[in-house]
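These are my notebook entries on one structure, kept for a reader who is new to it. Each entry records what I looked up and what I found.

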Amino acid sequence: MASGDIVPIELGLTDGDLVTLWAPRWRDGDDEWEAFLGHEDALYGFDSVAELAAFIRTNDDNDLVDHPAWKVVAGLSAAELEPEEEHIFDLVGVPELAAGDPDPDSVGELEETLDMARTIGEVCELEVVTKFFGSHPVLGALPAGVSAFYGREGQELWSQIGAAIVKDWDKVVDAIDSVVKSPAVDADAVALAEAELLAAEENIVDAEDAAETDDDDEIEQVDLDEDDEEDAEDETFWHGVGIDPIRIVTSEGEFYTLRCYLDDEPVFLGSGGTITVFSSERALARYLADDHDHDLAAVSTYDEVHTAAMDGSLEIEVSDENVYVLPGLADDLAQGPKAVDIDQLDLAFELFTDAADYADDDTVEQALAKSTPLGWYVSYLLEPDPSRLAPSPPFAAEAEAWRTLEQNFETRLQKG
């Protein structure tokens, strides 16, 4: 999880399961922030994903509207706002979890749920919650994993954690309950989101049914002409020209540009190692309709892009693998491996490397070499190997080195 993201989460509270949004730490200039969907002293929670989707599409008066990724989240489909399994936190289920025997799953789930409670306490300034964690240092054993609870001493440690939860956890849940509010939501917007969710569910069922049918039926011979037609439909304009639109979320906002690979070497829309970016798809399309001197103009298929932009048929379509969210990754790296969204880290690694190669600059390669603390840390995350020892905290130096890479990358961007 990159903290440049805004993450849908589910909280199990006294009155039931509620969904909301969480923005892990992100940087705004010299300041660091962390927030939940809410306003002033209230944390907003909704009974359904449809209500959450409807709210963020119709509300611009909340604590997340200034987040760099807010526009991205506000444009998501309702189905994309379904919390993933690792972002479901059953706070009322904590006593039951602690009452069982420690195993890797229960210890990991307990640690993550307590971390979320602690975060809510810090963000919402709930003294009861912060006092709970300050009064029970034994909870600090959880990040060590199940191995901390082996043997007689480990069992005693687990019992102490259970006793702390039995004693004070109800107060923690009550404090969090007290700040959760469910604001009114536009009924039409909710109905639209519910329709999206139903359509998405039906698509999944249809796909599963089709897969089962394919397994049950004999393989049929398909006419080659039909295959050719299907392949032609699947190939998008951008795939055909071999150039990709990309979207980059930085500390200054969201930007669009183009990139392709020639003989495996990256070429961006730009020149002299500088990448030309635009604040919207429309602005990028307008630029492509005019004649400009840039490195992509030398690509053999670029004329097709230019022609489509001039006649108004060009659509800037960014695939998921070409969306790069940068803010906050350094902060997640500082927290430790468990806090890092590996997919976003991998994408950022790709983007930084491509931009440096485009500029014939080897500083990124040097900074991410496995012989450096940052390179060792990043390679541990991106190239998992059970035989390798996990990097040891603190990770402040590695996080600062990554932040430098991010800042250097941003200097390569020139607004068009």
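**Entry 1: D357.** I began with D357, which is found in helix 13; helices (H or I, at least four residues) and strands (E, at least two) are DSSP runs, numbered from the N terminus. Is D357 buried, partly exposed or exposed? At 35% relative accessibility, D357 counts as partly exposed, where buried means under 20% relative accessible area, exposed over 50%, and partly exposed in between (1.4 Å probe, protein chains only). I then looked up the partners of D357, leaving aside its neighbours within four places in sequence, and found contacts with E265 and P266. Contact means heavy atoms within 4.5 Å. D357 and P266 are 91 residues apart along the chain, and their C-alpha atoms are separated by 6.9 Å.

**Entry 2: Basis of the model.** I noted that this is a predicted model, in which local features need pLDDT of at least 70 and side-chain atom pairs count only at pLDDT 80 or more, while totals for chains, interfaces and linings use all residues. Residues are numbered from 1 along each chain as its sequence is written, and side-chain values use heavy atoms, with hydrogens and water left out.

**Entry 3: Confidence.** The pLDDT is the predictor's confidence in each residue, from 0 to 100. I found a mean pLDDT of 87 for the protein, with 90% of its residues reaching 70 or more. Over residues 219-224 the pLDDT is below 50, and this stretch has one contact in the model beyond near neighbours in sequence.

**Entry 4: Overall make-up.** I recorded 16 helices and 14 strands in the protein. Of the 416 residues, 45% are buried. Among contacts with a separation of 6 or more, residues 24 or more positions apart account for 66%.

**Entry 5: Salt bridges.** I applied this rule: a salt bridge is a side-chain nitrogen of Lys or Arg within 4 Å of a carboxyl oxygen of Asp or Glu. By this rule the count comes to twelve salt bridges.

The side chains of E122 and R25 meet in one of them, at 4.0 Å from N to O. E122 lies in helix 4 (residues 104-123) and R25 in strand 2 (residues 16-28), so the pair links parts of the chain 97 residues apart. E122 is partly exposed, with a relative accessible area of 41%, and R25 is partly exposed at 30%. I also found that R25, E34 and E122 are linked in a network of salt bridges.

R403 and D331 form another salt bridge, at 2.7 Å from N to O. R403 sits in helix 16 (residues 396-411) and D331 in helix 12 (residues 329-335), 72 residues apart. Both R403 and D331 are buried.

In a further salt bridge, the closest N and O atoms of D361 and R412 are 2.7 Å apart. Why does this pair tie together parts that are 51 residues apart in sequence? D361 lies in the loop between helix 13 (342-358) and helix 14 (363-367), and R412 lies in the loop between helix 16 and strand 14 (413-415). D361 counts as partly exposed at 23% relative accessibility, whereas R412 counts as buried at 13%.

**Entry 6: The cavity.** Rolling a probe the size of a water molecule over the atoms shows where empty space is left. On a 1 Å grid over the protein atoms alone, a cavity is a set of points where a 1.4 Å probe fits but cannot get out, and a pocket is an open set with protein on both sides within 12 Å along at least five of seven lines; lining residues have an atom within 4 Å of a point. Grid points are joined across faces, edges and corners, and a volume is the space filled by probe spheres set on the points.

I found one cavity of 30 Å³ or more, and about 40 Å³ of space lies in the largest cavity. Which residues line the largest cavity? They are F352, A355, V364, L405, N408, F409 and R412. Helix 13 and helix 16 are the elements that give two or more residues to this lining, and the largest share, three residues, comes from helix 16.

**Entry 7: The second largest pocket.** Its volume is about 630 Å³. The second largest pocket is lined by 34 residues, of which W26, D63, V65, D66 and H67 lie nearest its centre. Elements that give two or more residues to the lining include strand 2, helix 2 (70-74) and strand 9 (253-262).
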